[in-house]
Amino acid sequence: MNDSRIKHKSVAVKDVLILGFAFFATYFGAGNLIFPPQLGFVSGSSYGPALVGLTLSGILLPIFALLIISRYGDVRRITERVGPYTYNILLTLLMIVCIFVSIPRTCATAIQLGIQGNFPNVPFIPGVVIYFLLSYWITSDETSVLDKVGKFLTPLLALILVVIGVLGVVSPIGTPAEPTVANSFTNAFLGGYNTGDVLVSFIMASLFIQSVENKGYVESRDRNRMMFYCGVVSVILLFIIYGSLLFMGACVSADVPSDTGRAELLVLVIKRVGGAVMLPMGVAVILACLTTAVGQIAAVADFFHTASSNRVSYKVVAIMTCILSALTALLGVDGIVEYIGWIFGVSYPPVLALMVLGTFASFISHNEAYKGATYAVTAYALIEALPGLSSLEAAKSIVSVMPLSAVGFGWVTPFVVGLIVGSVVGHMRGQNV
């Protein structure tokens, strides 16, 4: 059919706002609260370059990844050129990261900062149980998860955070000191990885796309346009909130001990803004964490339900996800943060490689090039970040001689080499797309 004869659905502002707020809330979770103030704290008077670095890696990169996935329709079409099992392997690993890292981190942060920050005597374990009971109740109806988040939870979350951010910027809570890191931009750019939001784009893409199509934007052009507008809403909200949190962290850098923990620093910053905002901030912390948990529980349940050819029900997977995440949440924020660094270190480079390959797919003639680039980057990521392997002298030597490894882009050279070798092998074999 001629595309010009297709009746395209016009974009409704209401849909953009509801879904855009829901997208923002799903991205904005525990890490998004605790990392920006710390990045500003070490950047001090160089908070400007730090904000640029965080904006690139923590805001624009995740949204760009989501738009690339939307262009293809789903993650599977990006991964299928690597191999028929790549999609299931990648998404299974990312869903495991959700269950044992990002979802329990939201719970621990919500309780320790949102609740115990205001009411120190509230017991931790009952809080975990209540948190996941509420999370399951919201996610139990898979058809309306993002609508619930976008209509009810997120507007309140965004309002509280924007008001607090404006107060902290209009009336600075201190004077930034000299930076304690050599390069504020690079440090913040790499710090943006710890939010895990590029992984969130791959994890949540299916649910986001389904929610957009449920609103009637089923043609690819309509879907992509709607995803773009929702992405713009997310970018604006994330930039305002990240920027204010980072700036407030910089403002206390002159008179706060350098060994102050991330969670403690966030509480201190909010108290400096004014004691009256502690309770609203506690509500915002709970909402930020809950909305992220809800979206990711729904994504995990939907993935394994679909992967099992509907043999395992959505609700059963959601219940098991809540139970496993609750048990992990008992480690607390610090216990979880201790092991997430290497997980993101291993996960990010292959996902970024797939994103680059998806962006320039039309210029890549051979599937072998896809395979070469992805395999080479995955191998390098394991050498650089996997505990045990990365501590070997041979692994350290490889990383140290790799160009750009000092600024977090050591995977670029393996990517280029793998792409070239794969292209040559594909040409020799005569294999095209």
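How much space lies in the second largest pocket?

Reply: The second largest pocket holds about 290 Å³ of space. This is a predicted model, in which local features need pLDDT of at least 70 and side-chain atom pairs count only at pLDDT 80 or more, while totals for chains, interfaces and linings use all residues. Residues are numbered from 1 along each chain as its sequence is written, and side-chain values use heavy atoms, with hydrogens and water left out.

Some terms come first. Rolling a probe the size of a water molecule over the atoms shows where empty space is left. The search runs on a 1 Å grid over the protein atoms alone: a cavity is a set of points where a 1.4 Å probe fits but cannot get out, whereas a pocket is an open set with protein on both sides within 12 Å along at least five of seven lines. A residue counts as lining if it has an atom within 4 Å of a point. Grid points are joined across faces, edges and corners, and the volume is the space filled by probe spheres set on the points.

The second largest pocket is lined by 20 residues. Those nearest its centre are Tyr-87, Ser-206, Asp-302, Phe-303 and Thr-306. The helices α5, α9 (197-214) and α12 (278-307) each supply at least two lining residues; helices (H or I, at least four residues) and strands (E, at least two) are DSSP runs numbered from the N terminus. By class, this lining has 14 nonpolar, three polar and three charged residues. Here Ala, Val, Leu, Ile, Met, Phe, Trp, Tyr, Cys and Pro count as nonpolar, Asp, Glu, Lys and Arg as charged, and the others, Gly among them, as polar.

The largest pocket has a volume of about 570 Å³. Its lining has 25 residues, and the closest to the centre are Ile-89, Leu-90, Leu-93, Pro-350 and Thr-378. Helix α5 (86-115) contributes here too, along with α14 (332-359) and α15 (367-385), each with at least two residues. With nine residues, α5 gives the most to this lining. The lining of the largest pocket divides into 20 nonpolar, five polar and no charged residues. Domain 1 (13-330) and domain 2 (335-432) each provide at least three of its residues; the domain bounds come from an automatic or database domain assignment.

Next, the charged contacts. Side chains of opposite charge can pair when their charged atoms come close. The structure holds six salt bridges, each a side-chain nitrogen of Lys or Arg within 4 Å of a carboxyl oxygen of Asp or Glu. In one of them Arg-225 pairs with Asp-222, with the closest N and O atoms 3.7 Å apart. Both residues sit in helix α10 (residues 220-251), three residues apart, about one turn of the helix. Asp-222 is buried at 2% relative accessible area, while Arg-225 is partly exposed at 29%; buried means under 20%, exposed over 50% and partly exposed in between (1.4 Å probe, protein chains only).

Arg-272 and Asp-255 also form a salt bridge, at 3.4 Å from N to O. Arg-272 lies in helix α11 (residues 262-273) and Asp-255 in the loop between α10 and α11, so this pair ties together parts that are 17 residues apart in sequence. Arg-272 is partly exposed, at 33%, and Asp-255 is partly exposed, at 48%. In helix α16 (residues 393-401), Lys-396 and Glu-393 are three residues apart, about one turn, and their side chains meet at 3.8 Å, N to O. Glu-393 is exposed at 55%, whereas Lys-396 is partly exposed at 44%. Glu-368, Lys-371 and Arg-429 are linked in a network of salt bridges.

Last come the aromatic rings. Rings of Phe, Tyr and Trp (its six-membered ring) pair if their centres lie within 6.5 Å; planes under 30 degrees apart are stacked, over 60 edge-to-face and the rest tilted. The count comes to 13 aromatic pairs. Among them, Phe-189 and Phe-409 form a tilted pair, 5.3 Å centre to centre with 40 degrees between the planes. This pair links distant parts of the chain, 220 residues apart: Phe-189 is in helix α8 (residues 184-191) and Phe-409 in the loop between α16 and α17 (412-429). Phe-189 is buried at 11%, and Phe-409 is partly exposed at 24%. Trp-411 and Phe-415 make an edge-to-face pair, 6.2 Å centre to centre and 85 degrees between planes. Trp-411 is buried at 8%, as is Phe-415 at 9%. Phe-23, Tyr-27 and Phe-208 form one aromatic cluster.
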